[in-house]
Every structure is written in C-alpha cells, then in structure tokens.
Amino acid sequence: MNFDTRFFLEAMPLLVDGLWTTIVLVLGSLAIGIMLGLIGCYGKLLKRGPLSWLAFIYVGVFRGLPETVLIFWIYFCGPLILDVRLSPLGSGILALSAVSGAYLTEIFRSGVLALPPGQIEAARALGLSPYRRIRHVMAPQVVKIMMPTFIGFIAILIKNSALVSAIGLGELFYQAMTLSATTYKYFEIYTAVGLIYFALIFPLSALSQHIERRQRRQRS
C-alpha cells in the first residue's frame with residue numbers, strides 16, 4: 001500500500017472549490033429550512049385550522065422521504081411540472097431546505113413545549129404583549145433548550161450535502177469523485193476529503209455535546 005503524501009497535500013487546494021460550494025449549499029438550505037421550520041412550528045402549535053393541518057402534512061411528507069429521492073425528483077421531474085429546470089445547486093438547496101424545515105419544525109416545537117408553562121402565565125399576568133412575551137421570555141429560553149439538537153442537526157445537514165453530488169453539483173464530494181476518476185489516487189483523495197468533512201463536523205458535534213453536558217449540570 002503506497003500513500004502518495006505529496007499528491008495528498010496537493011489535492012487539498014484542489015478540493016477547496018468544492019468546499020465553498022458545499023458551504024453555500026448548507027447555508028442556503030439552513031436559512032430556508034429555519035424559515036420553514038418556524039412557520040411549521042407555529043402551525044403545529046396552533047393545533048387547529050388550515051395552517052395546523054398544512055404543517056402536519058408538510059412534516060409528515062418531508063420527514064418520510066429520503067433526501068436522495070427528493071433531490072432527483074426536483075431536478076428531473078420539476079421541469080415536467082414547472083417547465084423550468086433548476087440548476088443542480090438550486091435543486092439541492094430546495095430539496096435539503098424542504099427536509100430541513102420538516103425536522104426543524106419538530107426541533108423548534110420541542111423547545112417551545114419544554115418551557116415551564118408558569119413562566120408564560122407569569123409574563124401574561126405582568127401584562128406583557130405577545131411580542132414582548134416571545135422576545136423577552138420565550139425566545140431566549142427556547143434557543144437555549146434546543147441549541148444542542150440544532151447544532152447536531154447542522155452536522156447532519158453537512159453530511160447530507162454530499163448527496164447532491166448525484167445530480168452533478170460540484171460540491172466537495174463531487175470534486176473528490178471527479179479528481180479520483182482522472183488521477184486514480186483514490187486513497188489520497190478520499191482520505192483528504194474525509195479529513196475535510198471531519199474538520200467541519202467534529203467541532204459542531206463536540207460543541208453540541210459540551211452544551212448538552214453543561215445544561216445537564218445546571219439542571220442537577
């Protein structure tokens with residue numbers, strides 16, 4: 001087994017273009033997913049009415065679909081319905097944000113439901129407006145409660161971003177595939193790409209576990 005250290009070091013800069021595309025893909029999907037998650041959370045907390053039903057259907061559908069199927073469906077079937085073909089990046093962001101929004105709906109909702117009801121009632125008794133109750137009482141605590149799960153979800157989203165390589169988006173994993181196919185340096189390239197993914201994901205996982213342990217100590 002020969003490991004070409006020189007090529008391994010040379011491959012790192014070649015993968016940077018793909019890394020930037022991965023970052024754009026993840027940030028775009030996360031931003032849209034957060035907006036969908038907030039709307040979905042509000043709808044599910046209502047427990048009645050059209051928005052509530054739409055939120056239940058949305059979460060049920062997109063949590064039940066594999067990301068790969070959705071990516072392929074949007075990229076290949078979207079033009080048959082919309083008469084417009086989205087770019088691989090647009091298809092990837094749309095698919096990952098739709099799935100992210102469904103999972104974030106439940107993460108946000110769990111954070112709200114974990115709030116002690118007495119605090120909300122006390123804020124209402126003090127005469128705080130709905131906006132001030134959310135701004136000063138609910139939001140700071142919900143963010144704190146859900147933060148470990150939210151950070152863990154970002155790590156999962158980074159992993160799932162590699163699935164978009166299947167429709168030809170030049171993200172990190174796609175760059176690794178094309179580079180290895182032309183150089184046959186599979187060992188060096190996939191080691192390099194593995195280290196890059198690890199450098200992205202491990203700090204998030206460690207941060208999530210650190211916050212979770214600290215919250216557990218505060219509760220005990």
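In these legends a residue is buried under 20% relative accessible area, exposed over 50% and partly exposed in between, with a 1.4 Å probe and protein chains only. The views show a predicted model, in which local features need pLDDT of at least 70 and side-chain atom pairs count only at pLDDT 80 or more, whereas totals for chains, interfaces and linings use all residues. Residues are numbered from 1 along each chain as its sequence is written, and side-chain values use heavy atoms, with hydrogens and water left out.

**View A. The largest nonpolar core contains 49 residues.**
Such a core is a set of buried Ala, Val, Leu, Ile, Met, Phe, Trp, Tyr and Cys residues joined through side-chain atoms within 4.5 Å. The members that touch the most other members are Leu15, Leu104, Phe108, Ile158, Val164 and Leu172. At least two core residues each come from helices H1 (5–14), H2 (16–46), H4 (67–82), H5 (88–113), H7 (130–160), H8 (172–183) and H9 (186–219), the helices being DSSP runs of H or I with at least four residues, numbered from the N terminus. Helix H7 gives the largest share, ten residues. When residues up to four places away in sequence are not counted, Phe108 touches Ile34, Gly37, Leu38, Cys41, Val142, Met146 and Phe150, where a contact means heavy atoms within 4.5 Å.

**View B. Phe72 and Phe76 form a stacked aromatic pair.**
Rings of Phe, Tyr and Trp (its six-membered ring) pair if their centres lie within 6.5 Å, with planes under 30 degrees apart counted as stacked, over 60 as edge-to-face and the rest as tilted. The count by this rule comes to ten aromatic pairs. For Phe72 and Phe76 the separation is 5.7 Å centre to centre, with 15° between the planes, and both residues lie in helix H4, four residues apart, about one turn of the helix. Phe72 has 32% relative accessibility and so counts as partly exposed, and Phe76, with 42%, is partly exposed.

**View C. Phe173 and Tyr190 form a tilted aromatic pair.**
Their rings lie 6.2 Å apart, centre to centre, with 45° between the planes, and the pair links distant parts of the chain, with Phe173 in helix H8 and Tyr190 in helix H9, 17 residues apart. Tyr190 counts as partly exposed because its relative accessibility is 32%, and Phe173 counts as partly exposed at 27%. Phe173, Tyr184, Tyr186 and Tyr190 form one aromatic cluster.

**View D. Lys185 forms a salt bridge with Asp4.**
A salt bridge is a side-chain nitrogen of Lys or Arg within 4 Å of a carboxyl oxygen of Asp or Glu, and the count by this rule comes to five. The closest N and O atoms of Lys185 and Asp4 are 3.2 Å apart. Lys185 lies in the loop between H8 and H9 and Asp4 in the segment before H1, so the pair ties together parts 181 residues apart in sequence. Lys185 also lies over the face of Phe7, at 5.9 Å from the ring centre; this requires NZ of Lys or CZ of Arg within 6 Å of the ring centre and within 35 degrees of the ring normal.

**View E. Glu106 forms a salt bridge with Lys44.**
The closest N and O atoms are 2.5 Å apart, and the pair links distant parts of the chain, Glu106 in helix H5 and Lys44 in helix H2, 62 residues apart. Glu106 is buried, with a relative accessible area of 13%, and Lys44 is buried, with 8%. Lys44, Glu106 and Arg109 are linked in a network of salt bridges.
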